[in-house]
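Welcome! Have a look at the model first, then work through the steps with me.

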Amino acid sequence: MTPISPSWDNRYSTKPTSTEPSEILVEFADILPRSGRALDLACGGGRNTVFLAQRNLQAVGIDRSREALAQGGELARQKKVHVEWIQADLETFALPPAAYDVIACTFYRDPKLYSAIRESLCPGGLLFYETFSLEQLRFKTGPRNPAHLLQPSELLHAFGDWDVLFYHETWIDRGVAALVARKPAA
């Protein structure tokens with residue numbers, strides 16, 4: 001088991017987390033497969049993991065914070081769904097190859113993870129990715145470290161050779177980029 005990350009555990013124990021799934025998952029819920037395995041990377045309090053489990057997917061949520069995973073477990077109990085929770089640091093955790101039909105990653109950026117995502121998603125699988133971009137620096141709140149912010153078109157550069165079903169970058173009320181893509185079947 002990964003050692004406890006005090007800063008993330010403190011964050012999750014002092015700030016309430018949303019229990020509502022991300023808008024991008026809700027917006028594109030009709031294209032989710034009716035069965036299969038789903039992975040939620042850096043799942044936090046598990047809102048997206050639980051949503052994927054509610055859609056009849058075998059959902060796995062990975063996060064480094066034990067407190068976040070405990071919140072996810074409680075949300076799963078409330079919603080009466082089964083979820084597998086893994087406490088791990090994504091910088092060192094090895095994702096299994098061709099293991100998931102859906103991968104979701106919201107508000108976490110590590111470009112070194114892109115190749116692992118590409119390998120772990122099954123052919124024909126769906127990727128939902130949304131996180132802050134450098135445009136977030138225009139606003140007074142939110143992440144400030146450029147290492148955690150997407151470069152312009154970064155998600156397109158990483159996954160643009162797939163069938164991109166949706167892509168946008170916005171900076172109206174916050175700097176965010178979002179991508180929904182299907183890995184080629186062959």
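**Exercise 1. Work out which parts of the chain the salt bridge between Arg 109 and Glu 154 ties together.**

Step 1: Arg 109 pairs with Glu 154 in a salt bridge, with their closest N and O atoms 3.0 Å apart. The term stands for a side-chain nitrogen of Lys or Arg within 4 Å of a carboxyl oxygen of Asp or Glu.

Step 2: Before going on, note that this is a predicted model, where local features need pLDDT of at least 70 and side-chain atom pairs count only at pLDDT 80 or more, while totals for chains, interfaces and linings use all residues. Residues are numbered from 1 along each chain as its sequence is written, and side-chain values use heavy atoms, with hydrogens and water left out.

Step 3: Now place the partners. Arg 109 sits in the loop between strand 4 and helix 5 and Glu 154 in helix 6, so the pair ties together parts that are 45 residues apart in sequence. Helices (H or I, at least four residues) and strands (E, at least two) are DSSP runs, numbered from the N terminus.

Step 4: Both Arg 109 and Glu 154 are buried. Buried means under 20% relative accessible area, exposed over 50%, and partly exposed in between (1.4 Å probe, protein chains only).

**Exercise 2. Compare two further salt bridges, Arg 118 with Asp 161 and Glu 74 with Arg 77.**

Step 1: For Arg 118 and Asp 161, the closest N and O atoms are 2.7 Å apart. This pair links distant parts of the chain, with Arg 118 in helix 5 and Asp 161 in the loop between helix 6 and strand 6 (163–170), 43 residues apart.

Step 2: Arg 118 is partly exposed at 24% relative accessibility, and Asp 161 is exposed at 53%.

Step 3: Glu 74 and Arg 77 meet at 3.3 Å, N to O. Both belong to helix 4 (residues 66–79), where they are three residues apart, about one turn of the helix.

Step 4: Glu 74 is partly exposed, with a relative accessible area of 36%, whereas Arg 77 is exposed at 56%. The structure holds four salt bridges, including the ones treated here.

**Exercise 3. Find how far Asp 40 is from the nearest side chain of opposite charge.**

Step 1: Asp 40 lies in strand 1.

Step 2: Asp 40 is buried yet has no salt bridge; Arg 47, the nearest side chain of opposite charge, is 7.2 Å away. For this count, Lys and Arg are positive and Asp and Glu negative, with His and the chain ends not counted.

Step 3: Beyond its neighbours within four places in sequence, Asp 40 is in contact (heavy atoms within 4.5 Å) with residues including Asn 48, Thr 49 and Ile 62.

**Exercise 4. Identify the residues with the most contacts inside the largest nonpolar core.**

Step 1: A nonpolar core is a set of buried Ala, Val, Leu, Ile, Met, Phe, Trp, Tyr and Cys residues joined through side-chain atoms within 4.5 Å.

Step 2: The largest one has 26 residues, and Leu 41, Ile 62, Leu 127 and Phe 159 have the most contacts inside it. Among the elements that each supply at least two of its residues are strand 1 (37–41), strand 5 (121–132) and helix 6 (154–159).

Step 3: A second, separate core of 21 residues includes Phe 28, Leu 57, Ala 76 and Ala 104.
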